[in-house]
Amino acid sequence: MTDTSRERILSRIRAAVDRAQDVPPPERDYLITHTSDDPIQNAELLQRNLSDYRAVVHRVTPTGLPGLIAERLAAHRARSIVVPDAVPDSWLSACAIARHRDEGPLTPAVLDTVDAVLTGCALAIAETGTIVLDGGPDQGRRALTLIPDLHICVVRAPAQIVSSVPQALPLLSPSAPLTWISGPSATSDIELDRVEGVHGPRRLEVILLDGVA
Amino acid sequence: MSAAFLGMPPFPRAAEEAVHNTTLRANLRHATHTIRAKRAKAVAELSDWEQLREAGRQIKDHTLRHLDRYLIQLEAAVTEAGGTVHWAADATEANRIVADLVKATGETEVVKVKSMATQEIGLNEALAAEGITAYETDLAELIVQLGDDRPSHILVPAIHRNRAEIRSLFADEMGKWGRAAPHGLTDSPADLAEAARLHLREKFLRARVGISGANFMVAETGTLVVVESEGNGRMCLTLPRTLISVVGIEKTVPTWRDLEVFLQTLPRSSTAERMNPYTSLWTGTTDDDGPRDFHLILLDNGRTDVLADEVGRQALRCIRCSACLNVCPVYERAGGHAYGSVYPGPIGAILTPQLRGTGSAIDASLPYASTLCGACYEVCPVAIDIPDVLLHLRGRIAEQGGPGHRVERAALAASGWVLRHPTVLAATEKLAAATRGMHPRRPPGSGAWTTSRELPDVPTQSFRDWWQENRR
Ligand code: SF4
């Protein structure tokens with residue numbers, strides 16, 4: 001049945017456009033970026049745009065990173081955290097929180113009992129205030145950054161920051177599952193009042209790790 | 001289309017009721033004006049908006065012209081990446097395929113991401129008939145489902161409901177579907193969202209089958225894209241073992257690079273955000289991450305008929321942003337239900353009668369549910385000339401119905417309705433005065449349709465000037 005439908009749909013399409021003029025591929029005279037490519041400005045823009053959508057953004061140098069992470073986990077009273085394999089041990093060296101590796105792997109039910117997740121990212125987009133995850137070893141499976149209520153994401157600045165969506169796409173591989181995150185989960189479905197955290201993490205904290213190439 | 005929409009009264013009667021429902025009108029007015037103002041601001045941030053809009057138009061037109069080729073390429077890429085592709089000529093076939101796939105898993109429950117395509121084919125009802133319960137997981141869709149109601153807006157489907165109504169729905173109905181709402185539930189949006197979170201999380205964690213649509217499908221790579229805010233989409237796309245996506249064939253774009261256009265124009269046009277909170281992109285299946293089985297159902301269901309219409313085919317460019325709803329003076333007063341289909345507002349007025357044909361009274365009345373003010377065209381991120389298609393369809397209806405024919409009566413009643421409603425008409429006339437030369441020689445009303453086929457092409461420049469000066 002499906003095979004005949006395939007042929008039927010394709011032949012209907014051919015009949016429908018048969019006499020139409022050819023339409024060439026698009027001209028792309030839009031901009032590749034709307035901002036300067038200055039890394040300092042880009043980091044500031046990323047910070048502003050992420051904050052606009054109620055992500056909490058911090059900036060820190062590598063020596064301050066473990067202290068900041070410990071402080072943020074304490075601020076959210078997180079008692080347990082899941083950490084993808086390639087997140088450096090040193091990032092959590094200043095706290096004694098219960099630590100899960102994604103071994104087994106962890107079931108959704110177990111992840112639901114974990115308070116936080118700490119990851120890196122594939123890249124971040126300044127103009128839109130977006131961090132992109134591609135399942136790389138410091139980000140883990142998609143479920144890890146979905147079920148726990150607090151997501152702390154470390155962005156290496158300026159190395160991982162691009163200005164715009166057109167700059168981001170060529171750097172990403174379609175063969176990896178991608179998750180673009182612009183602020184925490186949100187809904188405006190009830191009288192257009194914005195409420196954070198319906199299903200994804202209710203809190204997104206982004207740490208710009210400065211001076212890392 | 002969905003059984004829920006059978007027996008709908010034609011547009012004017014349904015609209016009449018909506019106009020007299022003051023709560024509904026207040027909700028709609030607030031919603032459309034709020035989103036409209038935010039959208040204009042988000043769009044103004046991009047100095048190359050017109051170029052992006054033009055590129056979007058060109059990409060879609062090019063794709064539609066070579067849709068056979070791109071669908072075959074898409075099928076090969078999805079298959080290569082571990083997915084299975086099915087083709088469905090109509091709603092019945094699509095529903096049959098989904099039901100069989102779900103049954104093959106042995107499951108009787110599925111979680112769903114908000115999807116216009118599955119609403120269009122009445123999937124939930126079809127699954128229910130097979131003993132399968134489909135849970136809507138978008139907050140607004142959950143509200144609609146619990147209320148045994150119909151969506152009234154593409155983006156915010158429960159916009160016709162206020163918080164007090166939602167509170168009592170949750171309190172009364174949630175327990176029948178799973179975890180009950182907490183005792184002492186208030187009507188604060190945060191409290192209501194929390195109740196939905198608890199209710200649905202239970203379902204997400206045990207779900208073995210997820211069903212979605214997609215905003216885009218990339219032929220070159222086989223990638224599907226879902227754009228959302230709440231994270232319910234991510235839950236449905238990644239936690240189940242089996243993922244079934246039902247997608248209209250027109251959602252295809254040729255290349256990975258094409259996403260750079262639509263991922264800029266869609267969020268700003270729909271939720272007025274620089275980027276929506278979550279965008280998920282996946283290609284087939286990935287070992288150890290996400291579903292093990294992925295099925296893509298390519299849905300025709302009337303789309304090839306739309307494609308065959310030279311003027312009307314541009315409706316297939318639509319990326320379902322809903323910007324046209326929020327600027328439409330008729331939608332604002334009539335509400336989404338009056339359109340009698342899952343596609344409300346200006347896009348519904350041109351898409352529905354093309355997908356379903358104009359044989360029924362409601363479908364024949366839809367091309368008249370407009371003041372032809374042109375605001376929908378101005379905001380459309382893929383430049384669909386909705387007024388032009390409306391006039392074209394009016395001509396078609398005029399041809400099919402002789403005097404006294406029932407569709408003709410319904411159509412005239414719709415244009416009469418627009419004329420009888422002062423706010424709507426005032427909006428029309430204000431625009432007409434400011435845009436001399438681009439409006440129909442006579443306002444839409446008795447007899448106007450007979451001349452509508454000879455209307456001059458609508459130049460857009462003067463209207464655009466007006467819009468620039470007057471929008472807020
Ligand atoms: S017709 Fe245009 S404005 Fe309306 S929903 Fe579709 S893309 Fe958006």
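## A strand pair across the chains

Thr179(A) has Ser280(B), in β9(B), as its bridge partner. The two strands involved, β9(A) and β9(B) (residues 278-283), run antiparallel and are joined over four bridges. Strands count as paired if DSSP finds at least two bridges between them; strands (E, at least two residues) and helices (H or I, at least four) are DSSP runs numbered from the N terminus.

## Basis of the model

This is a predicted model, in which local features need pLDDT of at least 70 and side-chain atom pairs need pLDDT 80 or more, while totals for chains, interfaces and linings use all residues. Residues are numbered from 1 along each chain as its sequence is written, chains are lettered from A and ligands numbered from 1 in the order in which they are written, and side-chain values use heavy atoms, without hydrogens and water.

## The interface

In chain A, 74 residues contact 94 residues of chain B (heavy atoms within 4.5 Å). About 7,300 Å² is buried between the chains, 58% of it on carbon and sulfur atoms; buried area is the accessible area (1.4 Å probe) lost on putting two parts together, summed over both. Arg142(A), Asp189(A) and His199(A) supply 11% of what chain A buries against chain B, more than any other three residues.

The interface holds 11 salt bridges (a side-chain nitrogen of Lys or Arg within 4 Å of a carboxyl oxygen of Asp or Glu). One salt bridge joins the side chains of Arg6(A) and Glu75(B), at 2.7 Å from N to O.
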